[in-house]
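Here are a few notes to read alongside the structure, for anyone opening it for the first time.

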Amino acid sequence: MPDWLAYVNDRLGHLAISQAESSQVREELAAHLEDNYLSLRAQGISESDAVRLACDQVSSWQELRRDILAAKLEAFMQNRVSQLWIPGLVTLFGSAALLAVFEIVGLRPLVIHPGNPSSLVFYFPWLLSLPLFGALGAYLSLRARATGLAVHCASAFPALIMAAALFAVLLVALVLDRHGSLRIVTTAFAAAILNWFLLPGFFLLLGDWLLHFAMRRHAAPN
Amino acid sequence: MIRTELKRGTAELAILSVLERQTLHGYEISRRIAQDSGGALSFTLAALYPLLYRMENRGWVRGDWETSETGRRRRCYKLLPRGRKMLAPLRAEWADLFRAMRRVAKVNHA
């Protein structure tokens, strides 16, 4: 009997999906060809004809690879939405809405060096609420069967968005204000990164860590 | 376009229908469809798997690896509740199509 897995590997080529998924696809296609071949042999068809008929199952391996990748990519896009974007946006809008509420009710942040480009802003009530949102983002992502980095990104999503926005502002500032003081711009940027990326990111990921810790405790025997 | 959609619709209904009765692996699915349709419908490997993966993405079916008594590993597909829910509307669509074709092209059931 032919080595159907080797046959599939020779013809299918590289699949731009994870190694594990690619191996499963190859094994499944090889199993199908093997079953087809064995069924033909059981009907009394000669070995060479059974091999030929089984191989006729695929007229174009290139087309099959394209179709499989399209199907798998559809899954990847769906997973990204449910595992990252939706949990991340819930975390972002939830934490932003709470910050707006704190502003409306008059809770003021602690500002060190006010009026200075390097002023530090500590929004303690908001920062202390962030572990809840971080845990919520991680929970929603895990519920959508996400693993690893996607869960942490969903949890720290608001901080990541702020970092991206700050980098964009920095670039614009550097381009538009070429004659301005580079030191002032970079100092203000460093302060903003601390205020809106590092500190919120830390508290959001603390929620992510606490959720994982609670889940491990819950899953552990006794 | 219509031809492709029509073929995909046929395949989806056929696959869901055979999986409604029992869990099957890919080759058994194609064999069962060919057998039940008297050979009128047949799915090659190239047509079957991209479609099965799409149906799996949509949560209609789920494939799990199983090892048979002979030691062969096969990925067996099981119909999920979401797939079961799709059966009734798909069947209704096909019944409508047959009725329409009967009126327009005088196509009759065998």
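1. Starting with chain B: 24% of its 110 residues count as buried. Keep in mind that this is a predicted model.

2. On the make-up of chain B, you'll find four helices and three strands. Follow the sequence along and the pattern reads α-β-α-α-β-β-α. As for contacts within chain B between residues at least 6 apart in sequence, 45% join residues at least 24 apart.

3. Now for where the two chains meet. Chain A puts 19 residues into the contact, and chain B puts in 13 residues. On the chain A side, helix H2 (19-42) and helix H4 (61-104) each supply at least two residues. Sort that side of chain A by class and you get eight nonpolar, five polar and six charged residues.

4. Next, the largest nonpolar core, which has 29 residues. The members touching the most others are Val18(B), Leu19(B), Ile29(B), Tyr49(B), Leu52(B) and Val61(B). Which element gives the most? That's H3(B), with six residues.

5. Val18(B) deserves a look of its own. Leaving out residues up to four places away in sequence, Val18(B) touches Leu24(B), Ile29(B), Arg32(B), Ile33(B) and Asp36(B).

6. Finally, there's another core apart from the largest one. This other core has 21 residues, including Leu84(A), Ala138(A), Leu204(A) and Leu211(A).

Terms used:
Residues are numbered from 1 along each chain as its sequence is written. Chains are lettered from A and ligands numbered from 1 in the order in which they are written. This is a predicted model: local features need pLDDT of at least 70, side-chain atom pairs count only at pLDDT 80 or more; totals for chains, interfaces and linings use all residues. Two residues are in contact if their C-beta atoms, placed from the backbone, lie within 7 Å. Ala, Val, Leu, Ile, Met, Phe, Trp, Tyr, Cys and Pro count as nonpolar, Asp, Glu, Lys and Arg as charged, and the others, Gly among them, as polar. A nonpolar core is a set of buried Ala, Val, Leu, Ile, Met, Phe, Trp, Tyr and Cys residues joined through C-beta atoms within 7 Å. A residue is buried if 20 or more other C-beta atoms lie within 10 Å of its own, exposed if 12 or fewer, and partly exposed in between; C-beta atoms are placed from the backbone.
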